[in-house]
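Could you walk me through this structure, starting with a strand and ending at the ligand?

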Amino acid sequence: MQATVRASPNIALIKYWGKRDEKYNLPAVSSISITLDEIWTETKINFSPNYKRDILTINNVQQDDTRRVSDCIDSICGEHRNFACVSSKCNFPISAGLASSSSAFSALVIAINQAVNKGYELQDLANEAGKASGSAARSMLGGFVELENKKNKIQINQLLQSEDWPLRVVIAITDSRKKAVSSSEGMKLSSKTSPFYNSWVKNQSEDIDEARKAILSQDFLRLSEISEHNCMKMHSVMWTSRPSIVYWNSATIECMHAIRELQKKGEFVFFTIDAGPQIKAVCLPESESKVVNILKEIRGVSSVLQSGLGQEPQIK
Ligand code: DP6
């Protein structure tokens, strides 16, 4: 009745922002992401009749609120189950826009399935992960992943494996504190108040089609253009929410300009930004060292993480 699973976060190139069903946490839009490898969450779960309640530790610190994790276990195991002890470790900052929930919940659903021998199929587990955190469903596969909105569920498809197109990702950390507005709260606010929200949802399928074609043909410039455009559209929806949601700081903007300068010099790099102030620079391997050297010199960048693209979660 125990299992350990290591999973990596993913970074969306075509973003998810908004929900069409809050109860089942179904996204309002399809999305496309890349799964990382050097950064990860490792989750161990252990069920026992001796536990009086679920226990959750993150990086060795016991958490008071186990609700999201307990709901996820209930959803897979049913409510008549033993309590569990879940201990999760991350080798990167959590709750700072680095998609830690994506690695955490993808690792958790696979660990639960393994520990209690539920025999769930991948797509069912992806729906369970997505119910806990929308982006987590995409970390159930490696490489380039499309999350497709189906009628009452989602489906994940691998577009390319990581080895097919081994892009690199350089993450500039500009502030590793917990973000002020969670993704869920932000999405709720945007859907109710941003005048751009409906057109964001309506036009997403064009961006998905364009990015899918760019990925399948390994056309870096085409992928750069559509990814940056989609990222800026999502942030426009955030900025025009009332009250406005601004995840960027001045270093985020400096990094964007620096990446634009590198592009002008012919480097193969583009940026994307999620619900936090970190900049994620996606590049070809030959441009990586230039990207790292430029970003780490920017005032306000406290550290730089580097990663390749990785695999689906691994059972330990
Ligand atoms: C900006 O998956 O964290 O990173 O479903 O409410 O847990 P919940 O949201 P979450 O949102 C991720 C938002 C994003 C874009 C993306 O990853 O697609």
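This is a predicted model: local features need pLDDT of at least 70, side-chain atom pairs count only at pLDDT 80 or more; totals for chains, interfaces and linings use all residues.

Residues are numbered from 1 along each chain as its sequence is written, and side-chain values use heavy atoms, with hydrogens and water left out.

Let's begin with strand E2, residues 10-14 (strands, E, are DSSP runs of at least two residues and helices, H or I, of at least four, numbered from the N terminus). Five of its five residues are buried, so E2 is largely enclosed by the rest of the structure; buried means under 20% relative accessible area, with a 1.4 Å probe and protein chains only. E2 runs antiparallel to strand E5 (residues 31-35), and four bridges join them; strands pair if DSSP finds at least two bridges between them. Across this pairing, Ile-14 stands opposite Ile-32 of E5.

Now to the ligand. Its shell holds 18 residues, and the closest are Tyr-16, Lys-19, Gly-134, Ser-135 and Ser-184; a residue belongs here if one of its heavy atoms lies within 4 Å. Helix H4 (residues 183-193) supplies the largest share of the shell, three residues.

Polar contacts are pairs of N or O atoms within 3.5 Å. A polar side-chain atom of Tyr-16 lies 2.6 Å from a ligand oxygen, and one of Arg-138 lies 2.8 Å from a ligand oxygen. For the side chain of Ser-183, an N or O atom is 3.4 Å from an oxygen atom of the ligand.

Conventions. Buried means under 20% relative accessible area, exposed over 50%, partly exposed in between (1.4 Å probe, protein chains only). A polar contact is a pair of N or O atoms within 3.5 Å; within protein, one must be able to donate a hydrogen and the other to accept it, and residues adjacent in sequence count only if both atoms are side-chain atoms.
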